[in-house]
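Biologist: Please take a close look at one part of this structure, the sheet, and then go on to whatever else can be described around it.

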Amino acid sequence: MKAKTYRIALTGLLGACAVALSYLESLLPTAAFLPPGAKPGFSNLANMFAASMLGPLPAFGIAVLKAGFAALTRGGTAGLMSLCGGIFSTAVMLLLLKKDRRLGFVGIGVISAVCHNLGQLCVAAALVGNLSVLAYLPALLLFGAAAGALTGLVCRAVLPALYRATASFRKK
Amino acid sequence: MKERKWISKADGIVLGVLVLLAAGFLLWRAFTAQPGMNAVVTVDGEAVLQIDLQSAEGAQSYTLENGVRLIAENHTVRFAESDCPDGICLKTGALQKTGDSAACVPNRTVVTVTGDESRDVDVIAY
């Protein structure tokens, strides 16, 4: 019972971290060579940690929370795109963490980042009723791969420390 | 907890495939794209405006019903004004080559540069 309460609290903390990271990365300057609207997606760290340590429900919860934050700060369209990208990438991430034996953290980070971009782009294409937005795809694939690799590396680097720090939060 | 590597051989394959895909697409675009003839503007998937980029000399401004403003200038076209929250369409900049596209998703507006094939239609229209 107590462990369950801890898990809920930890999920809330991670959700707050995800929202804070989303906000912080919106303060970063944009570079001209990057595709317009591309973000490094640091908040996927919270997602990846929740997916690997806490399980499906907290991970999806954080994805939904991030989408809600995007909807409040950047409008309904951004919220919907974030929701679909987040749910899709979290689902793939959970599946890979559970089933896959060959990929490393970098691979999972890259694949989930690319899935996030794909999900968003599909929503965008559906909303504008036009496939020409897929022209953004190659740039987003490259940028997503770089951002996802970074997320995977950072996640692997901090995971042991977080694992120890949260030992009492998890099931006893 | 099973130990997962930082980076594995499979990760390398994933990265390689992604980079090849993206590079292939970009190279294909670089070789096939030509200076655009027209810009087609769609809102909600419906074509609402066609701008002739060949004859456009000075800056020409077009305001759509949804408040989005486009500027055609020197054979290019760009989003000049939009009330969307993050302004990604404005940051996309000027479009010039066939297949170039800019989208304002909150306003459901897409601008795509097209080439010769739509010129035939213009000739028939005259």
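The three-stranded sheet of chain B

Modeller: In this predicted model, β3(B) and strand β4 (residues 69-73) of chain B run antiparallel and are joined by four bridges. One residue pair can be named here: S61(B) has I71(B) in β4(B) as its bridge partner. In general, strands of a sheet pair through backbone hydrogen bonds, in either a parallel or an antiparallel manner. The sheet that holds these strands is open, has three strands in the order β3-β4-β5 (chain B), and its pairing is antiparallel. Its edges are β3 (60-63) and β5 (76-81) of chain B, each of which pairs on one side only. From one strand to the next, the twist averages 25 degrees.

Next comes the interface. Here 29 residues of chain A are in contact with 31 residues of chain B. On the chain B side, the elements giving two or more residues are α1 (9-32), α2 (88-92), β6 (101-104) and β7 (109-114). Of these, α1(B) gives the most, with 10 residues. By residue type, the side of chain B that touches chain A divides into 17 nonpolar, seven polar and seven charged residues.

Helix α6 (residues 137-165) of chain A has 29 residues, so at 1.5 Å a residue it should span 42 Å; the C-alpha atoms at its ends are 39 Å apart, which agrees. The helix α6(A) has a kink of about 40 degrees at L159(A), shortly before the proline P160(A).

Note on methods. Residues numbered from 1 in each chain as written. Chains lettered and ligands numbered in written order. Predicted model: local features only at pLDDT ≥ 70, side-chain atom pairs only at ≥ 80, totals over all residues. Contact = placed C-beta atoms within 7 Å. Nonpolar A, V, L, I, M, F, W, Y, C, P; charged D, E, K, R; others polar. Expected span 1.5 Å × (residues − 1). Bend = angle between axes of the 7 residues up to and from the residue. Pairing = 2+ DSSP bridges. Axes fitted to C-alpha atoms, helices over the stretch in contact; angles between N-to-C directions.
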